[in-house]
Amino acid sequence: VVGESGAGKSTLRRDLIERINREGLNIRVIQPYVLAMGDTERKGTPLKALNIVEAILADIAPLERMRQSHEARFRQVHTALRESSRSGNKHVLIVEEAHAMPVATIKALKRFVELEDGFQRLLSIVLIGQSELGAKLSEQNAEVREVVQRCEIVNLPPLADVADYLKFKFKQLDVPLQKIINDDGLQALTEKLQPPAPRGHETRSLLYPLAVHNLLAAAMNLAAEHGAPVVDGGIIKEV
């Protein structure tokens with residue numbers, strides 16, 4: 001899952017986990033910690049294949065003592081996943097901030113996907129990251145070609161209709177959108193986050209949920225300061 005900052009990637013992850021819990025699905029979610037992760041030592045702490053092994057064992061077989069050698073640990077992971085699968089569980093590894101994963105770790109993911117019990121795959125993988133992840137998973141990148149061929153890449157686009165989106169959000173509070181922002185304000189908000197591109201240039205949109213929320217919240221505060229009944233185009237332009 002590839003998207004700009006604020007496109008809703010983390011919301012999708014939370015929604016997936018909430019759905020698994022709400023429906024009582026036998027899916028074990030494994031999430032390695034990615035705090036301060038970087039794709040090189042200079043940029044942060046790289047997430048390595050061995051860290052993924054440790055995360056899987058911590059979630060699937062927390063009472064087992066981790067083996068010492070790399071070979072034994074990988075064998076231990078395969079055994080733990082196989083036994084859990086035979087008990088009726090499915091497993092998904094979710095890595096956020098995956099754009100910061102080292103290429104070597106991305107290449108190693110193929111080995112994790114290939115963990116099987118007969119014809120039964122034992123582990124699914126979801127990578128969530130910003131646009132740099134899309135570049136790393138390009139078919140033109142020979143280093144990760146084997147991984148890319150096994151991926152389905154989903155790009156989160158900008159909001160197609162800001163008005164419909166905001167109507168949905170305020171409906172959760174039983175507040176009509178026209179009590180918050182008028183049509184002139186919606187037009188100004190859209191133009192501010194998606195300005196017209198010069199001829200021959202591609203339009204770059206920032207109409208992602210987080211940017212819309214931040215701009216509208218600032219406009220609502222400014223409207224309150226001015227005593228304005230609703231957010232209009234003039235207030236949006238002042239923000």
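The model is predicted, with local features requiring pLDDT of at least 70, side-chain atom pairs counted only at pLDDT 80 or more, and totals for chains, interfaces and linings using all residues. Residues are numbered from 1 along each chain as its sequence is written, and side-chain values use heavy atoms, without hydrogens and water. Helices are DSSP runs of H or I with at least four residues, strands are runs of E with at least two, and both are numbered from the N terminus.

Helix α2 (residues 49–60) packs against helix α3 (residues 70–86) at an angle of about 40°, and their axes lie 10 Å apart. The axes are lines fitted to C-alpha atoms over the stretch in contact, with angles running from 0 to 180 degrees between N-to-C directions. The two helices, α2 and α3, are therefore oblique to each other; this class holds the angles left over from roughly parallel (under 35 degrees), roughly antiparallel (over 145) and roughly perpendicular (65 to 115). On the α2 side, A49, L50, V53, E54, I56, L57 and I60 meet H70, R73, F74, Q76, V77, A80, L81 and S84 of α3.

S84, in helix α3, is buried, with a relative accessible area of 8%. Beyond its neighbours within four places in sequence, S84 contacts R28, I60, N89 and H91.

Note on methods. Contact means heavy atoms within 4.5 Å. Buried means under 20% relative accessible area, exposed over 50%, partly exposed in between (1.4 Å probe, protein chains only).
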